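Here's a quick briefing to read alongside the coordinates. Have the viewer open and follow along.

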Amino acid sequence: QLQLVESGGGSVEPGGSLRLSCTASEFTLDYYTVRWFRQAPGKELEGVSCISSSGSSTNYADSVKGRFTISRDNAKNMVYLQMKSLKPEDTAVYYCASGHDCNGPFGSWGQGTQVTVSS
């Protein structure tokens with residue numbers, strides 16, 4: 001199964017920022033919709049944001065609207081999630097996944113990157 005690779009996670013204080021990146025080493029992301037998910041300890045997987053293959057369409061979970069921005073650079077085969085004004089409740093493992101629609105199914109997933117927001 002072809003895999004995605006996330007990077008950019010880390011530990012920040014509340015109010016801080018991080019930028020997550022997602023890429024694929026063995027295929028081109030250009031043709032795929034990419035969605036970011038997150039899973040906090042003891043909680044279900046939550047869809048965070050999604051971007052169409054061209055980048056012309058995006059959507060966000062209500063919990064991150066106005067704070068997170070999804071974007072992509074198809075020339076670099078990268079999808080990004082810029083996260084600002086981070087809150088402790090944003091603490092989770094963040095995953096990216098690729099498919100043909102924001103509602104899935106998603107054929108490729110990354111291994112996840114940890115984001116911890118704590119003072």
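**Asp 90 and its surroundings**

Beyond its neighbours within four places in sequence, Asp 90 is in contact (heavy atoms within 4.5 Å) with Arg 38, Arg 67, Phe 68, Ser 85, Val 115 and Val 117. Bear in mind that this is a predicted model, where local features need pLDDT of at least 70, side-chain atom pairs count only at pLDDT 80 or more, and totals for chains, interfaces and linings use all residues. Residues are numbered from 1 along each chain as its sequence is written, and side-chain values use heavy atoms, with hydrogens and water left out.

**The salt-bridge network**

- Asp 90 sits in the loop between β8 and β9 (92–99); strands here are DSSP runs (E, at least two residues), numbered from the N terminus.
- With a relative accessibility of 1%, Asp 90 counts as buried. The cut-offs are under 20% relative accessible area for buried, over 50% for exposed, and partly exposed in between, using a 1.4 Å probe and protein chains only.
- The structure has four salt bridges, each defined as a side-chain nitrogen of Lys or Arg within 4 Å of a carboxyl oxygen of Asp or Glu.
- One of them pairs Asp 90 with Arg 38, with the closest N and O atoms 2.9 Å apart. Arg 38 belongs to strand β4 (residues 33–39) and Asp 90 to the loop between β8 and β9, so this pair ties together parts that are 52 residues apart in sequence.
- Another joins Arg 67 to Asp 90, where the closest N and O atoms are 2.7 Å apart. Arg 67 is in the loop between β6 and β7 and Asp 90 in the one between β8 and β9, so parts that are 23 residues apart in sequence are tied together.
- Arg 38 also meets Glu 46 in a salt bridge, at 2.8 Å from N to O.
- Put together, Arg 38, Glu 46, Arg 67 and Asp 90 are linked in a network of salt bridges.
- How accessible are the partners? Arg 38 is buried at a relative accessible area of 6%, Arg 67 is buried as well, and Glu 46 is partly exposed at 28%.

**Arg 72, buried without a salt bridge**

- Arg 72 is found in strand β7.
- Arg 72 is buried but has no salt bridge, and the nearest side chain of opposite charge, Asp 30, is 5.7 Å away. For charges, Lys and Arg count as positive and Asp and Glu as negative, while His and the chain ends are not counted.
- What does the Arg 72 side chain reach instead? The backbone oxygen of Leu 29 is at 2.7 Å, and the backbone oxygen of Tyr 32 lies 2.9 Å from a polar atom of that side chain.
- Both are polar contacts, meaning a pair of N or O atoms within 3.5 Å; within protein, one must be able to donate a hydrogen and the other to accept it, and residues adjacent in sequence count only if both atoms are side-chain atoms.
- Apart from neighbours within four places in sequence, the contacts of Arg 72 include Asp 30, Val 34, Ile 51, Gly 55, Met 78 and Val 79.

**Strand β7 and its sheet**

- β7 is part of an open sheet of four strands in the order β1-β3-β8-β7, with antiparallel pairing; two strands pair if DSSP finds at least two bridges between them.
- The edge strands are β1 (4–7) and β7, each pairing on one side only.
- β7 is joined to β8 (residues 78–83) by six bridges, and six bridges also join β3 (residues 18–24) to β8.
- Gln 82 in β8 has Thr 69 opposite, and Arg 19 stands opposite Gln 82 too.
- β7 and β8 make a hairpin with four residues between them, and Asn 77 in the turn has a positive phi of about 60 degrees.

**Tyr 60**

- Tyr 60 lies in strand β6 (residues 58–60) and is partly exposed, with a relative accessible area of 21%.
- The Tyr 60 side chain reaches the backbone nitrogen of Ile 70 at 2.9 Å.
- Leaving out neighbours within four places in sequence, Tyr 60 has contacts that include Val 48, Lys 65, Phe 68 and Thr 69.
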